[in-house]
Structure formats: C-alpha cells, structure tokens
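Please read the following briefing alongside the sequence and the model.

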Amino acid sequence: MSLIRQVWLLLGVTLALAIAGGFGISVESSRRYLATQLTMKNNDMAQSLGLSLSQQRGDATAMELLLASQFDTGFYEQMRLVAPDGKVLIDRSAPLNKSNAPAWFVGWMGLSPDVGIALVSDGWKQVGRLEVRSQSSFTVDQLWRSTLLAAWLLAFLALMAGAVARYGLARIKAPLSATVQQAMALTERRFVTVAEPHVPELREVTRAMNLMVDRLRLMFDEQAGQVEVLRRQAHCDDLTGVFNRPHFLGRLKGLLSAEDGSASGVLVLVRICDLQGINRMLGRAEADALLRETAAAIEESGRRSVRHEIGRLNGSDFALVLPDVQSLRESAVDVAAKLRTLFRTREGDAFAVVGAVRWWHGASASSLLAAADQALARAEARGAFAVDLDDAGDGLVLGEDAWRVRLEQALAHRWAELAKFAMVDVHGDVIHFECPLRLRLESDGAPVPAAQWLPMARRTQLTWRIDLLAVDVALSAIAVDGLPRSVNLSPSSLADDGFLPALRQLLLQHRASAPGLWLEVAEAGAMRNIELVRALVDQAHAMGVRVGLEHAGEQVTQSGRLLEAGLDFVKLDASLVDGIAESTARRQHVASMLLMLHGIGLAVYAEGVNEEADAQALWDCGIDGVTGPVVKRA
Amino acid sequence: MVRCVEGGSGLDRLAGLALVRAARAWALVFLVLAAAGACLSWAAPWDANRILTAAGRHGDAAVAGVRALQASLAKVPPRDDATLLATVNTFFNQRIAFREDLENWGQVDYWASPLESLQKGAGDCEDYAIAKYFTLISTGVPHKRLRLVYVRAAVNGLVVPHMVLAFYPSADADPLVLDNLVPDIRPASRRPDLTPVFSFNAEAIWEGVSTANVGGSPVERLSRWRDVLNRGKQEGFL
C-alpha cells in the first residue's frame, strides 16, 4: 500500500475512533444522567407519597385520592399499591407515550430507571408497598434527538477534518512525489536533479540525491574528458585534428557498407604539392600552420553535408567525404576555391590540387580511393588548384515523385523484410538479432537495403511510416519465434508528431512481444534531439521495450545529456573497434569508454567486428556483446 | 434526622456496664466455641471470618465486639426467633452506650454501621436499630420481616422523635419492637408510648423488587440509608 494511502487509512481510523468514542461517551453519559435522574425522582416521589399514605390510618378512599391526585397532576407512567400478600390494592397507569425514536434505538438504549419503592403502613400494621414509575418515553426522545444532533455535528467535523487532511496531504505529497520520481529516474539511469522541497525530512533526502547526481556528473565529465583525449590520440591526426588514415578508412568503409548508410555521395581528395619544398622554404612551423589552415578550409567547405568526414591520409593528402551530396563538380570546385584563397595569403608559390569522385553505396573503399587518386594525379599534372573529376553519372534515375509512389506502394503492401544479424555475448549466446529493414520496391523485386531508399524516404518524409512498418514486422516475428529483435529508428521519425502515438498503439497491440523488442537510434541524430529520445524511452520502457544508441562513439561521451536520457544500451560504431587488437591507443579508448558507460549502467555492444583478434580484445575490455562478420564465422 | 433520647437511668447504665463486663468474660469462654464452628447453629449466611476481617480494619474494640456477638449468638438454638431477637437486642443495648451523634461523630446526624458502633461503643437510637437490623439479617432473618420505624416516643411526658426496629412474625401480625429505651422486647400493642410515623427496610433494594444495584451508582452515597447499607455490605453483614 502506498504511503499516502496508509496515512489516509491511519487518519480515517483515528478519526473514526475519535468520533465513535466521542459519540459513545456523549450518548452514554446522557443516558446515564437521565436514568439516574429518573431513578432519584421515582425513589423520592415514592418515599414522599408513601409517607403521606402512611398518615391516612388505613383509609382506602383517602389513600386512593392521594395517590390519584399525585398521579394525575404529575408525570407518571404507573403508581401501584401492592399488599404484602401480593394483591394489588390501587393501580394507576398511563398509556405508554409513543416515542419518536425508532424501536431499535429504544431497545438499544435500554433506558430502565429503577422503580421507586416505599412501604406504606397504618400505625404498626403493614398496608403494602408503593411502586412509582415516572414517564420515561420523553427521555428516549431526548436521547434520540441529542444522538442525531451529535451524529450530524461529528459527521460535519469529520468532513472538515477530512478536508484539512486532504489539503495537508496534498502539500506533503507534492514534494514526496518529486523525490520519488527522482529516485525512480535514478533507477532508470536518468541522472536528474530536482528542486529541494520545503519539507525538512524530504529536503535532506533530495539534497543527498542531488549531491550524488552532481558527483556522478562530475565523474562522468572527468571520464568523458579522458575518453576524448584517448579518442583524439587513437583516431585523429595530431597536427590538424582531423581523422588519421586508419580511422578515416574505417569510417569510409562503414559508410559504404552500412545498411542504413547513404546511397551515394562525393569523395574529394586534396593534395598540397611539394610539401617538402614548403617545409624547406617557410620552415617547419609555417608549414604546420599551413596544414592546419588547409584542414580548416576543407572542413568549412565540407559543411555542405551534415555528415561529412575529413581525414589526413598522409603528410600532404587530405580526404573529404560528403554523403548525400549530388553535385560532384560544385563540391570539388568549392574546395579548390577555398584553398586558392588560403594559399594566396601565404608567401611562396605553394599550391594544392583537387580530385573528386562520386561513390555509391556498396562500392569498395580501395577502388574508390584508387579512382580518386588517379583524378588527383590528373589534376596535379594540370597545375596549381586544378580540379579533376571522375563522374560515373547521376545515380537518381527516378525523380522524387516516382520514389514516393514506390515507397508508398511498398508501405501499403508491406513489401518489407527484416535481415537478421546476431548480436552475441562472450559465451556466443544470442543477445538479440539486429534486423535492418529491407523494402521491395516492386512486387517481384529483390529486397533493397535502406541505404538505397533512405535518402529519398527522408526527403519525402516517409521514414516514420517505414520505421513503424519495421517495428510492426519485428513484433510479428517476435510473436512467432520469441527471439529478441533490434530495429533501428531514424532520428527524423522521432521528430514526427505522428510517430510516438502510432508506436504506442503498435506496442499495445503486441503487448506480449514488446519485451523482446530493442529499438536503436543513430547517435548523431539522437544527440541532436535528446528530448525526443527521452520521450521515446518513456514510452518504450512502459511496455518493456529497450532503447539504445547505434553507431555510437564519437559524441556519446561528450554530452552529459546522456545522463538524463535513461537509455539501456549503446552500440559502438564499427570504425571505433576496427583493428583495436593492433592499436594500443584505440584499445585504451574503447576500454575507457566502456568503463564510463558501464559506470552509468548502460550495456555496451560493438558493431561490425571483422577480426577474431578484435573480438578477443573487445571481450578483454569487458564489452557486453559483438556483432559483425566475426559472428557469422563463429 | 431523628433526635433520640437517652434511655434508662444512671443505675440502669451501671447495670449495663456490669453486664458488658460479664459478657466480655463470657466472650473469652465462648471464643473457642465460636471458632469451633458454632455458626453452624444458624442457617444464615453469617460470614464470621469476613466480618472479623472487616472488624480488624476498624480496631480492637470492633474485633472484641464481634467476638462477643458471635459468642452470644452461638448460644441461640436454631429456629428460635424469640431467643435470637432477645439476644441481639440485649447485646447491642448493653454493648453500645447512648451518645448523641454530634458528640460521637462530630456531625449533627450520622448513621453508623454496626462495626463503627461497636468500635465506638456508643451510638444513638438509629445506630442501635441499624446494628440490630444488620445483625438479624446476617443471621438469616428475611428483610421483609424487619422494618426500621420512625416513631413519636413519649418519654417522661415529652414527645420526641425516635427510631426502633420492628419484627413482623407475619405480614399482618402485631410486630415486636426492639428498642434501646426499653430493655425487653414487647409487641407494638404493648408500647402505647410509641406512635409509628413511617417505616422502611431494604427489601426492595435487596430482594429483587427493585432493579437497583447497591454500590454501583454514584447516587447511592447521597442517601443515608443506601450509604449505610453499602457499608454494612462491605463489612460482611449483608
């Protein structure tokens, strides 16, 4: 029973007892008082009349007259004169007054005053015994009236007391619920602070919990700082801060192979020609500054795509990958123009060249890089700030409307399939199956991974309906085989007003399967809309669904907001764990991240693990589960 | 209130005192007899031990009085009302000296219980009547045969208020009067000096005619009669 309900019960019982007690005492004391008064009256009247009768020298007429006059003018029920042998000499009785009180009350009260008795004699001779009973029906009426009055008054008082208690309890309850909600949030891994309540006892509790949360945040921030340092050491170029070659290649590979990656994009290579000459001429420091500014200029140009990534491939070569960018030429020319502006402000005749290629989802990273390299070589041959392109043509054969029609069709017919990749723990047991959605865009077509249609789905704002379809299909599959499944949601779905209510409806329909469902949101989108993720978590947890981040690692540790999200798990991006067996820096980074995420109670899994050695290194770090090619081989 | 007159002359009193002494001597003699279960001679619920224990609380005089009373009663043959009445009447007339309440108890009117009177060794007319009433009741005489009677008494040409105990052998009989003014018991018809005014007993209270429970109600103490009944009950007479 809840505390408030117990308090109410206690209050109710106390009030009831107090009122019943007060009521009982008041009724009983009036009852006793009236009975005593009547007894005394009966007795005194009997003695006084008995004395008078004893003075009549046995004159029966005189005695009867005396008795009658007393009876008729007073308030009596009965007067009797009984001879010693039991014979009734005189008997005067009044009809019993009808009482207003109900019969049960009369019976219950049992008001029976003592009969007044006196001895009557004629000189030494015994005449008999005089018995006097006064009217008592009025006493029952009076008792009934006072009982009713007391009942009404006490009921009114009880109502008043209840109202006061309600107000008081509400005042107590508000801060109490705030405290309880904070405690519940803590158990759900949402580390939030709340305002301190006015109630002293609760204030101490809340203060202690707030303090704990603050300490946790501080620790989290410190750890986050360390993780960030390790991340930079492992993944970034010391000088320019952009990705180093291995990490960039990992990211590129991930982008090209991810089911939910982009369909196409642009890869731009930049080369600073004759870096050694520049080094000699301007000195090491100047040359380093030039490299840093070049990286910054490329970064600026790359902002045309929200998910752009930059890497330094070797001393003089930079790479920029722009997913979802259509215009190859514009991208390349923009980079070249920015570099030209930068290099002009410098002394000497240093220059850069730009080569760019278009890429498609599923392409091989190495052949893409080779093509880009060739373009770069051709540009270099043409001279300063030359731009060379290798364009395989526009990939979007269909227009936007055509895509919309095909996606709508797939949605309407539920032309959807879920792929199935196992996520296993250290013992090889399946934690869940990752189930990326594949749509058939034609009735007899092959299932197509999300990378092919996701950009158009985003553009036509159909992602939320597609995500719902994925959830629906997954829940139905769980209902059939009972295997836990993980479905990824687009961040843009969360932003759609219709999504969460529809998801709730869906989960309610498949109440039994819901606990087997895992939902994941890409880190990049989730961190931008942490409030939407919170709303998703609230709804999902209510139905027993787990929620986590996928493709995580770059930002997850940088934001304290993660503390308030109440997530269940985090999946580390493949680029973070790729090759960690060989790199101490990368291993340290992953280990520190694991420590930190485990610290706030999150389960941590690794995506896209290729090598057995990497998997082993991850197990050594304490990872909770891995997925990727290594699992299939096992 | 009943104002009583002192009974007997100084000579009578001296004789009374002598009798008291004799009774005390006899008491020693009969003590053993009494203790040996002389109470068997009465069918009554005389609770010797209870009364003795109660007397112990009042004082030595009360204890001695009770023992003497027990000794006297032990000599009474069973079912001999005349002897019983005479014994009780004589015992209290001799054992208790007449004294006004004001002098005795410091109050204008006080109804003493039998043990209180025995402890004091003194009392006024209603104390004699009460002591005799309680003692007779304790030996098994029913309430209805006894009445405490307020009388007008003509003493030496004066009319004074007085109280006596009347014993009715039957309901319509001429009662026997136990009085402290006249040492012997006479029928009422032979007591022209007494004019009865009003009589009462504890019949209604004690024998189920009334539903009252003595001692249970705070008003009991407000009535002299009920108050002394309570005390008599506590002392084991009732």
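**Briefing on the predicted model**

Between chain A and chain B an area of about 1,900 Å² is buried, with carbon and sulfur atoms giving 61% of it; buried area here is the accessible area (1.4 Å probe) that two parts lose on being put together, summed over both. Within the area that chain A buries against chain B, A:Leu119, A:Trp124 and A:Gln126 supply 46%, more than any other three residues. This is a predicted model, in which local features need pLDDT of at least 70 and side-chain atom pairs count only at pLDDT 80 or more, whereas totals for chains, interfaces and linings use all residues. Residues are numbered from 1 along each chain as its sequence is written, chains are lettered from A and ligands numbered from 1 in the order in which they are written, and side-chain values use heavy atoms, with hydrogens and water left out.

**The interface of chain A and chain B**

- In terms of contact (heavy atoms within 4.5 Å), 20 residues of chain A meet 27 residues of chain B.
- On the side of chain A that touches chain B, the elements giving two or more residues are α1, β3 (116-122) and β4 (125-134) of chain A, and the largest share, seven residues, comes from α1(A); helices (H or I, at least four residues) and strands (E, at least two) are DSSP runs, numbered from the N terminus.

**Salt bridges**

- Over all chains, a search of the whole structure finds 41 salt bridges.
- A:Glu434 and A:Lys571 form one of them, with their closest N and O atoms 2.5 Å apart; because A:Glu434 lies in strand β12 (residues 430-434) and A:Lys571 in strand β18 (residues 569-572) of chain A, the pair ties together parts that are 137 residues apart in sequence.
- Both A:Glu434 and A:Lys571 are buried, where buried means under 20% relative accessible area, exposed over 50%, and partly exposed in between (1.4 Å probe, protein chains only).
- In chain B, B:Asp109 forms a salt bridge with B:Arg224 at 3.9 Å between the closest N and O atoms, and B:Asp109 is buried at 7% relative accessibility, whereas B:Arg224 is partly exposed at 44%.
- A network of salt bridges links A:Arg80, A:Arg129, A:Glu131 and A:Arg133.

**Individual residues**

- A:Asn42 is placed in helix α1 (residues 3-54) of chain A and is buried at 2% relative accessibility, and its side chain makes a polar contact with the side chain of A:Ser134 (2.7 Å).
- A:Asp274, in the loop between β5 (264-272) and α7 (275-282) of chain A, has a positive phi of about 55° although it is not a glycine, and A:Asp274 is exposed at 54% relative accessible area.
- B:Asn156, in the loop between β3 (146-155) and β4 (158-167) of chain B, likewise has a positive phi, near 50°, and B:Asn156 is exposed at 77% relative accessibility.

Key
A polar contact is a pair of N or O atoms within 3.5 Å; within protein, one must be able to donate a hydrogen and the other to accept it, and residues adjacent in sequence count only if both atoms are side-chain atoms. A salt bridge is a side-chain nitrogen of Lys or Arg within 4 Å of a carboxyl oxygen of Asp or Glu.
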